[in-house]
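Please look at the sequence and the model shown here, and then follow the sections below.

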Amino acid sequence: MRITRVLSGALLALGLAAGPAAADSTPSASPSEDASGPTSAGTSFRTATEVEQGRTATASASTGDYLYWSFPADSGGRPTVQATVKLPEQHASQTWQVDVYDGLRRRQACQYGAQTRTAAQGTASVELTCVLRTVRAWSEPWANDPLPGTYYVRLTATGLKASDLGLPMNAELRVESKHIGGAAAVDGSLAEPLIPGVAVRAAAQDEDDDSSASAVLSSLEPDDGWASGWWSDRWVWSGIGAVLAALAGIGGYTLSRGSGRPRQVPPGA
């Protein structure tokens with residue numbers, strides 16, 4: 001009975017501790033989720049418009065333009081990029097494509113989603129989706145794994161006919177992330193996130209210089225700062241496993257040693 005009470009108490013305590021970790025698997029929400037985002041887009045990587053996750057960015061442009069946005073993504077998150085293109089009433093068949101690049105400007109493959117779609121003649125709008133792989137805290141130099149930092153989104157039309165070049169269009173972009181939790185945890189982390197200007201800022205900090213050299217080209221970061229997801233449910237389940245192993249050892253010892261020396265047997269017999 002004593003072992004049962006100890007086991008029940010330990011499992012209850014660990015169950016309460018696992019509550020915050022279980023919440024890691026739910027989609028992340030932001031206070032600015034319903035707020036409007038920027039109303040323009042850049043035309044290159046260097047001029048990409050910054051967008052916070054959970055906000056909807058809009059832009060008006062001409063068919064044939066390249067539209068660029070950027071957003072921050074931290075380790076443990078799986079970003080989902082959703083783009084909607086609103087087309088004019090009269091247009092020929094068009095193929096639209098959304099591409100995502102990481103902080104090193106390496107193109108990241110979509111885990112799933114309609115990254116490329118063709119809008120038939122007269123179609124009012126087309127929707128594109130790209131679900132990236134989970135962002136890892138660390139990776140081998142030769143790997144192409146997503147890493148924490150700034151990500152770039154490029155939206156453009158391919159294979160346009162001459163009659164469609166320059167036609168007005170409107171675009172909407174929204175990025176959201178789902179936190180995966182301990183399933184995506186790895187040993188190791190980057191010294192700095194892959195954001196524009198981070199090397200300049202690090203050098204300025206080493207020199208204790210407050211000059212303009214410490215400016216960073218990217219001003220957005222996760223709400224809780226970079227690498228905020230160091231805690232994961234892997235810690236909880238490791239603790240549960242350790243406690244269960246200890247209880248199993250105590251129970252096995254109790255059962256194997258028996259009830260002790262019989263009363264009728266004298267000591268030393």
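## Aromatic pairs

Four aromatic pairs are counted when rings of Phe, Tyr and Trp (its six-membered ring) are taken to pair if their centres lie within 6.5 Å, with planes under 30 degrees apart called stacked, over 60 edge-to-face and the rest tilted. In one of them, the ring centres of F45 and Y101 are 5.2 Å apart and the planes stand at 85 degrees, so this pair is edge-to-face. Because F45 sits in the loop between α1 (2-22) and β1 (49-50) while Y101 belongs to strand β5 (residues 94-101), the pair ties together parts that are 56 residues apart in sequence.

F45 has a relative accessible area of 18% and is buried, and Y101, at 11% relative accessibility, is buried as well; here buried means under 20% relative accessible area, exposed over 50%, and partly exposed in between (1.4 Å probe, protein chains only). F45 and Y101 belong to one aromatic cluster together with Y68 and Y152.

## How the model is treated

The model is predicted, so local features need pLDDT of at least 70 and side-chain atom pairs count only at pLDDT 80 or more, whereas totals for chains, interfaces and linings use all residues. Residues are numbered from 1 along each chain as its sequence is written, and side-chain values use heavy atoms, with hydrogens and water left out.

## The chain as a whole

The protein chain holds three helices and eleven strands, where helices (H or I, at least four residues) and strands (E, at least two) are DSSP runs numbered from the N terminus. Of the 269 residues in the protein chain, 38% are buried. Among contacts with a separation of 6 or more, 71% are between residues 24 or more positions apart, a contact being heavy atoms within 4.5 Å.

## Around R154

R154, which lies in strand β10 (residues 149-158), has a side chain joined to that of Y101 by a polar contact of 3.0 Å. Such a contact is a pair of N or O atoms within 3.5 Å; within protein, one must be able to donate a hydrogen and the other to accept it, and residues adjacent in sequence count only if both atoms are side-chain atoms. Leaving aside residues up to four places away in sequence, R154 touches Y66, L67, Y68, Q97, V98, D99 and Y101.

## An open sheet

Five strands form an open sheet in the order β2-β11-β4-β9-β7, with antiparallel pairing, two strands being paired if DSSP finds at least two bridges between them. Because β2 (56-62) and β7 (110-112) stand at the edges with a single partner strand each, one side of each is left without a neighbour in the sheet. Within this sheet, strand β4 (residues 77-86) and strand β11 (residues 168-179) pair in the antiparallel sense over ten bridges, and the bridge partner of T80 in β11 is E176.

## The disulfide

One disulfide is found in a search of the whole structure, a disulfide being a pair of cysteine sulfur atoms within 2.5 Å. The bond joins C110 to C130, with an S to S distance of 2.0 Å. Since C110 lies in strand β7 and C130 in strand β9 (residues 125-132), the pair ties together parts that are 20 residues apart in sequence. The torsion about the S-S bond of C110 and C130 is about -105 degrees, so the disulfide is left-handed, and both cysteines, C110 and C130, are buried.
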